[in-house]
Amino acid sequence: MSGTLHIFVVSPDTHSERRIEPYWTVQQLKDKLEVITGVPASNQRILLLESESSSTVLAQLSDDFKELSEYGLRDWQVLKVEDTNPSASLSGQLSDVSQVEKFELSDAEYAKRQDSVLAYKMRHKVGRFAEGQDDTSPSPAINISVGARCEVESTEPGLSKRGTVRFVGETKFSKGIWVGVEYDEPFGKNDGSVQGERYFECRQNYGVFVRPDKVTVGDFPVEELNLDDDEEM
């Protein structure tokens with residue numbers, strides 16, 4: 001075989017296209033590849049593959065005194081360089097994390113550090129350390145009892161939405177405390193159930209769920225509807 005060959009060279013940390021001469025010995029090739037791959041010549045195991053898409057090994061270049069032509073190399077084949085002793089090579093030392101002693105801190109020791117992310121958040125009141133973000137603070141007391149008469153805040157002037165409290169507590173449809181009210185008139189949106197979950201019983205369109213700050217508890221009697229026409233004809 002004569003003439004320069006174009007070969008792909010791959011190693012744990014490199015990938016390149018190279019030109020090689022068929023008359024080189026395997027040892028000469030290893031010496032040249034050490035500069036390219038960072039793998040010492042004495043630690044190289046060189047495998048010949050048909051192409052980059054093939055993992056089939058055609059040959060192992062194991063005889064340092066053989067010329068490359070004796071292995072039948074062709075253009076665009078692959079020489080895969082493996083490192084048999086990663087701890088002895090610079091490349092291996094940088095990538096082999098098993099050689100690195102692990103540094104671990106307990107939660108208590110980490111909390112004492114002043115150069116940590118936790119310390120930064122505490123100093124600058126970020127995230128859960130922000131003012132007003134104390135999740136352990138108790139919820140404000142709600143002085144609304146089931147069965148009490150009430151009036152619900154309305155956005156329509158002159159409209160009084162009166163009813164009876166039928167439910168106070170948490171729900172599945174939204175976080176926080178909700179008050180379920182059975183209206184005296186069909187001003188509501190449901191029958192005491194939301195998304196298939198029932199919280200109290202009432203007629204359709206008589207039930208509603210509102211936040212506690214929209215509810216005023218007190219002596220709110222049922223308003224009588226005057227259907228008589230008192231106007232003179």
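I began with the neighbours of Arg-162: leaving aside residues up to four places away in sequence, Arg-162 touches Arg-149, Cys-150, Glu-151, Tyr-183, Asp-184, Phe-220, Pro-221 and Glu-223. Contact here means heavy atoms within 4.5 Å.

A note on the ground rules. I am working on a predicted model, where local features need pLDDT of at least 70, side-chain atom pairs count only at pLDDT 80 or more, and totals for chains, interfaces and linings use all residues. Residues are numbered from 1 along each chain as its sequence is written, and side-chain values use heavy atoms, with hydrogens and water left out.

Back to Arg-162. I found Arg-162 in strand S7, residues 161-170; strands are DSSP runs (E, at least two residues), numbered from the N terminus. Is Arg-162 buried or exposed? Arg-162 counts as buried because its relative accessibility is 18%; buried means under 20% relative accessible area, exposed over 50%, and partly exposed in between (1.4 Å probe, protein chains only). I also looked at the Arg-162 side chain, where a polar atom lies 2.9 Å from the backbone oxygen of Pro-221.

Next, I checked backbone angles. Most residues other than glycine have a negative phi. Trp-76 has a positive phi, near 65°. I located Trp-76 in the loop between strand S4 (57-60) and strand S5 (78-83), and Trp-76 is partly exposed at 42% relative accessible area.

Asn-205 was my last stop. Its phi is positive too, near 70°. Asn-205 sits in the loop between strand S10 (197-198) and strand S11 (207-210), and at 35% relative accessibility Asn-205 counts as partly exposed.

Key
Helices (H or I, at least four residues) and strands (E, at least two) are DSSP runs, numbered from the N terminus. A polar contact is a pair of N or O atoms within 3.5 Å; within protein, one must be able to donate a hydrogen and the other to accept it, and residues adjacent in sequence count only if both atoms are side-chain atoms.
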